[in-house]
Amino acid sequence: MIGLGKRTPIAPLEYTRRLWMRAWVGLVLFFLYAPLITLVAFSFNDSRRNIVWRGFTFKYYEKALNNDSLMEALVNSITIAALATAVSVVLGALAAVMLWRFRFPMKAAAEGAMALPIVVPEICMGVAMLVFFAKIGFPTDLPWPFNLGAITIAHITFCFPFVTMVVRSRLASFNREEEEAAKDLGANEWQAFRDVLLPHMKPGLVAGALLAFTLSLDDFVITFFTSGPNTVTFPVKVYSMVRFSVTPEVNAASAMVIALTVILTTITLKMQSRMGTIAQGH
Amino acid sequence: MEDKQPIISIRNVSKRFGQVAAVDNVSLNIMPGEFFVLLGPSGCGKTTLLRMIAGFEIPTEGQILIDGQDMAKVPPNKRPVNMVFQSYAVFPHMSVADNVGYGLKIAGVGKAERESRVAEALELVKLDGFGTRKPNQLSGGQRQRVALARSLVMRPKVLLLDEPLSALDAKLRAQMQFELADLQDHVGITFITVTHDQDEALSMAGRIAVMNKGDIAQLATPSDLYEFPANRFVADFVGSVNLFEGRLTLDEPDRAAVDCPGLGKVYLNHGVTGPHGADVWVAIRPEKIYLHVPGAGKAIRGAAEDAPEGHNFARGQIKGMSYLGDITLYDIRLESGAMLRVSRPNLSRRDQEDFTWDDRVSMHWRADSAVVLLN
C-alpha cells in the first residue's frame with residue numbers, strides 16, 4: 001500500500017506524521033546536539049581559531065595528548081571519579097537498604113538530610129567544603145594520589161545520595177517473600193542478602209554507579225573550591241585554558257572525554273537491558 | 001493416629017499486633033502425614049499462624065513445638081519446615097534448577113547429590129526438562145511447581161503452603177487441588193495449607209480448622225464440617241446455607257422441634273440437647289431441599305401434607321433463579337415473607353424449564369437435614 005504511494009489519513013495518535021511535531025522534535029534535537037557536533041567537528045579543524053573551517057587534521061589530538069598538564073588533569077579526574085564512584089555505590093546502597101528495610105526514630109529527618117546534597121546549590125556546597133577542609137587543617141601537600149583526598153571526599157558527599165535514590169526506587173519493587181523464601185530454605189541473613197537482595201539491586205547499583213561517575217567527572221564548582229594548586233581536574237583545567245582562548249586543543253580533549261562517557265554509558269545500558277529481561281521474572 | 005506424637009503442637013498461642021489480636025489463644029495438634037487446612041476469611045489470623053510455624057512471626061504468648069521441640073529460639077532457617085509462598089517467591093535471576101537446588105547448596109550438599117535430588121524433585125512436580133529455564137519463561141502454574149519442588153527437595157517434616165492456588169485460574173486450580181492431594185499422598189510429608197477458598201479446603205484436606213477473628217471456630221473433617229457445622233459462622237462460611245432464627249420448643253433424645261417465625265415449625269428426628277425454650281438457629285443447605293409442583297407429592301404418595309412421611313414441608317413462590325449449568329439456584333419467597341434458597345441439579349437437559357419465575361412451589365426436606373445451631 002505504501003508502495004502504491006497512497007497515503008492513509010493520519011490517525012489520532014500518529015503524532016510522528018504531523019508536520020508541527022516533526023519540526024518540534026527537529027528543533028529539540030538541533031539545540032541538543034548541534035553544540036556537541038560543532039565541538040567535535042572543530043577538534044579536527046586545522047586552525048588556531050575556532051571560527052572558520054581550514055581543513056582536516058589530527059594535530060590537536062596529538063597536541064592535547066602531549067600536553068602534560070592537561071593529561072595530568074584528565075588522569076586526576078578519572079582517578080577521583082573511579083574512587084568516588086566505588087565509595088558512593090557502597091555507601092549509597094547501604095543507606096538505601098537501611099531506609100528501605102528499617103524503621104527507626106528520626107527516619108524522615110535522616111532521609112531529608114540524605115537528600116540535602118542534591119538540593120543545596122553547588123556553590124554553597126563548594127564554599128562549605130572549602131571552609132570545612134581549611135578549618136580541620138586537611139593536609140594539602142600529600143603525594144599523588146593522596147593529594148586528591150579532599151576532592152574525592154567532596155565528590156562522595158554529593159554523589160552517594162544519587163546512588164541511594166536510584167537503588168531505593170529499585171528496592172521498592174522487591175518482593176520480600178523472596179528473601180523469606182531464601183531464609184526458609186536455610187540461608188542466614190548474609191546469604192539471603194547476597195543471593196537474593198543483591199541480584200535484585202544490581203541494575204540500580206549499575207545505574208547509580210554511572211550517575212556517580214559522570215557527576216564526579218564533570219563537576220566544576222565544588223572541585224574548584226576544594227582543589228589545591230597541585231590538584232587540577234579536567235574541568236578546572238579546561239576552564240583555565242579557555243580563559244586565554246578556545247583552541248582546537250580544548251575541543252580535542254573534550255571530544256575524547258565525550259567518547260569515553262558514550263562508551264561507558266553504552267556498556268552500562270547493554271548490561272542493564274540484559275539484566276532487565278532477567279529481572280522481569282515476576 | 002491418637003497414639004502418635006503430634007508433628008506440630010500449638011499450645012495457647014497468641015499473636016498481638018499492638019492492641020489487635022491476630023491469633024487469640026489457639027491450641028492445635030497436627031499429626032504426622034496429615035493434610036491439614038487452615039480455612040477462614042481474610043484477616044482471620046490463618047496466615048499469621050502459618051508464619052509463626054515457619055518462624056517469620058514470633059508468638060506474643062504460647063508455645064509452638066515441631067516434632068516435640070520448642071521452636072521459641074529457633075530462627076526460620078533452622079526449622080525443619082519449608083514454605084511455599086503465596087507469590088511463589090521464585091528467585092527471578094536463577095534458573096529453575098538453581099532455584100530448586102538453592103536450599104541444598106546452602107546446606108552444603110555436594111554437587112552430584114544435589115543434581116540428582118533436583119532432578120528427582122522436578123520430576124515429582126512434572127517439570128523434568130525445565131531445569132535450564134528462567135522463571136520468566138514459565139507460566140504461573142509452572143512457577144508454583146518450582147516453588148513446590150524447591151521446598152520438597154529439602155525433605156521437610158512439614159510443608160507449609162500459603163494460599164497456594166489463589167493466583168491460578170479456575171481450571172488449573174481444580175487440577176492442582178487433585179495434584180497437591182496426590183503429591184501429599186505420595187511423599188507422605190505433613191502439609192499445612194492456608195486458604196480462604198472452601199472448595200479448595202474441602203477437596204484437599206484431611207482435617208480443616210476454620211478460623212474466625214483469631215480463634216478456631218471448628219476443627220473437623222471436611223464432611224463433618226459441612227454436614228455438622230458447630231456454629232453459624234462455620235455453617236455460613238463453608239458452603240451456602242439457609243439460616244432461620246427460632247425457639248427450641250421440643251427437645252427429646254429422639255426428636256426435637258424448633259419454632260421458626262420465618263419457616264414455621266421444623267421437626268428433627270434427633271435430640272439437640274440445648275436449653276429448653278432457648279433461641280437457636282436452624283440451618284438447611286440449599287441442596288437438601290426438594291422442590292416440586294404443588295400437589296404432585298400428594299398425587300404420587302397420597303401424603304396428607306404434600307410431602308413424604310416424616311418430611312418437613314413449606315410453600316412459596318419463585319422470586320429469583322440463576323442457572324449455573326450443572327445446577328440451578330432458586331430464591332423462593334415463603335408464605336411468611338422470608339427467603340429460602342434451594343438448589344436443584346439439572347439432571348436432564350430440559351430440567352431448568354420445569355420451574356420459572358413466580359411459579360408457586362412446594363418444598364420438603366428430611367427430618368435429619370436441618371442442623372440446629374446454638375450460637
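# Reading a two-chain predicted model

Modeller: Chain B has nine helices and 20 strands in its secondary structure. Helices (H or I, at least four residues) and strands (E, at least two) are DSSP runs, numbered from the N terminus. This is a predicted model: local features need pLDDT of at least 70, side-chain atom pairs count only at pLDDT 80 or more, and totals for chains, interfaces and linings use all residues. Residues are numbered from 1 along each chain as its sequence is written, while chains are lettered from A and ligands numbered from 1 in the order in which they are written.

Colleague: What is the mean pLDDT of chain A?

Modeller: pLDDT is the predictor's confidence in each residue, from 0 to 100. Where it is low, the predicted coordinates should not be read in detail. For chain A the mean is 87, and 94% of its residues reach 70 or more. Within chain A, confidence is highest in helix α7 (residues 176–184), at a mean of 95, and lowest in helix α11 (residues 248–279), at 79.

Colleague: How many strands has the open sheet of chain B, and in what order?

Modeller: Start with pairing: two strands pair if DSSP finds at least two bridges between them. Here six strands run β6-β7-β8-β3-β9-β10 in chain B, with mixed pairing. Strands β6 (81–84) and β10 (215–220) of chain B are the edges, each pairing on one side only. From one strand to the next, the twist averages 20°. Axes are lines fitted to C-alpha atoms, for helices over the stretch in contact, and angles run from 0 to 180 degrees between N-to-C directions.

Colleague: Which helix packs on that sheet?

Modeller: Contact means that the C-beta atoms of two residues, placed from the backbone, lie within 7 Å. Helix α4 (residues 140–152) of chain B touches β6 and β7 (158–162) of chain B, and its direction makes about 175° with that of β6(B).

Colleague: In which sense do β3 and β8 of chain B pair?

Modeller: Parallel, over five bridges, between β3 (residues 35–39) and β8 (residues 190–195) of chain B. One bridge joins B:F35 to B:F191 in β8(B).

Colleague: How many residues does each chain bring to the contact?

Modeller: Chain A brings 19 residues and chain B 22 residues. On the chain A side, α7, α8 (189–217) and α11 each supply at least two residues. α7(A) gives the most, with six residues. By class, the chain A side has seven nonpolar, seven polar and five charged residues. Ala, Val, Leu, Ile, Met, Phe, Trp, Tyr, Cys and Pro count as nonpolar, Asp, Glu, Lys and Arg as charged, and the others, Gly among them, as polar.
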